[in-house]
Amino acid sequence: MKFSEIKTHLSRFRVGIAGAGGLGSNCAVALARSGIGTLVISDFDVIEETNLNRQFYFADQIGRKKTEALKENIERIGSATRIIANQIKLNPDNIPLIYSGCDVIVEAFDRSDMKEMLIETVLTRMPGIPLVVGSGMAGWGNNESINYRMIDDYLFVCGDESTEASQDMPPMAPRVGIVANMQANVVVEILMKKQ
Amino acid sequence: MKILLNNREEYFDKESLTINELLLLKKLSFRLRIVKINGTLIQKDSYDNTYIKNDDNVQILYLMSGG
């Protein structure tokens with residue numbers, strides 16, 4: 001299949017991304033370059049200097065809203081992807097509304113309790129929508145520990161499922177980028193199978 | 001009984017186990033997680049009264065901070 005045909009196929013779909021940090025920003029870039037039709041991206045945060053070691057932002061964007069800056073950065077790529085940016089803190093009540101109509105949802109939070117909240121909400125309130133989770137990618141090295149696991153038709157996990165981010169084990173561009181791109185790769189795979 | 005735990009066969013010399021018993025046995029009780037049995041999400045408040053039985057497909061997803 002030629003890339004132009006792949007792009008045409010992917011342009012019909014809408015992907016939700018929950019969080020615009022290290023996972024969300026890099027995953028969104030990969031999906032926009034692949035030609036996904038619409039990305040629905042939500043985050044409540046603003047860009048800080050400490051984000052620049054892994055997130056798809058620039059020094060002159062510090063202090064700005066992540067969703068707004070990410071929309072701009074992705075638009076500069078020049079793909080036809082439409083970005084719907086929501087400056088909002090996600091919770092069990094707004095998730096089903098914000099992501100209704102999405103063909104796949106990407107979990108891209110930093111905090112583990114938020115990951116848990118999103119997964120429980122999608123599995124219980126949005127059954128049938130595939131969810132791609134990132135879990136365990138702090139630190140550096142150990143490529144062989146980063147896994148991909150399909151739990152069932154609707155739940156997919158990328159990451160080592162064991163490394164917890166901390167002061168001595170910070171999330172860094174290489175491993176966060178690997179997992180973000182693995183998540184994007186799973187999304188593309190799901191959508192390429194979809195009619 | 002024999003179960004499938006994260007796609008691996010595991011044997012226990014018991015007829016059934018609650019989710020909390022399994023987590024304790026496998027020393028997995030301390031982490032944030034999602035548990036699915038045969039494709040169904042198990043709510044946290046049911047970990048003591050949901051039984052895992054022979055041939056069940058148990059999937060535990062560990063949630064680590066960082067992203």
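Predicted model: local features only at pLDDT ≥ 70, side-chain atom pairs only at ≥ 80, totals over all residues.

Residues are numbered from 1 along each chain as its sequence is written, and chains are lettered from A and ligands numbered from 1 in the order in which they are written. For the complex, the predictor gives a pTM of 0.96 and an ipTM of 0.91. Chain B has an average pLDDT of 94, with 100% of its residues scoring at least 70; pLDDT is the predictor's confidence in each residue, from 0 to 100.

Let's begin with chain A. It has six helices and seven strands, where helices (H or I, at least four residues) and strands (E, at least two) are DSSP runs numbered from the N terminus. Along the sequence of chain A, the pattern reads α-β-α-β-α-β-α-β-α-β-β-β-α. The C-alpha trace of chain A spans about 45 × 40 × 35 Å along its principal axes. Why does the radius of gyration of chain A agree with a compact globule? Such a globule of 195 residues would have a radius near 16 Å, and chain A has 16 Å. The radius is taken over C-alpha atoms, and the rule is 2.2 Å times the number of residues to the power 0.38.

Of the 195 residues of chain A, 47% count as buried. A residue is buried if 20 or more other C-beta atoms, placed from the backbone, lie within 10 Å of its own. Now find helix α5 of chain A, residues 112-125. Its buried residues include A:Ser112, A:Met114, A:Leu118 and A:Val122. What covers the buried residues of α5(A)? The cover includes β1, α4, β4 and β5 of chain A, together with β4 of chain B.

Chain B holds an open sheet of five strands in the order β2-β1-β7-β4-β5, with mixed pairing. Two strands pair if DSSP finds at least two bridges between them. Because β2 (8-11) and β5 (40-41) of chain B stand at the edges with a single partner strand each, one side of each has no neighbour in the sheet. Follow β1(B), residues 2-5: its pairing with β2(B) is antiparallel, over four bridges. These two strands form a hairpin with two residues between them, and B:Asn6 in the turn has a positive phi of about 45 degrees. With β7(B), β1(B) pairs in the parallel sense over two bridges. B:Leu4 stands opposite B:Glu9 in β2(B), and B:Leu4 also stands opposite B:Asn57 in β7(B).

Finally, look at where the chains meet. The contact takes 32 residues from chain A and 13 residues from chain B; two residues are in contact if their C-beta atoms, placed from the backbone, lie within 7 Å. On the side of chain B that touches chain A, β4 (33-37) and β7 (57-62) each supply at least two residues. The largest share of that side, three residues, comes from β7(B).

Technical notes
Buried ≥ 20, exposed ≤ 12 C-beta atoms within 10 Å, placed from the backbone. Expected span 1.5 Å × (residues − 1).
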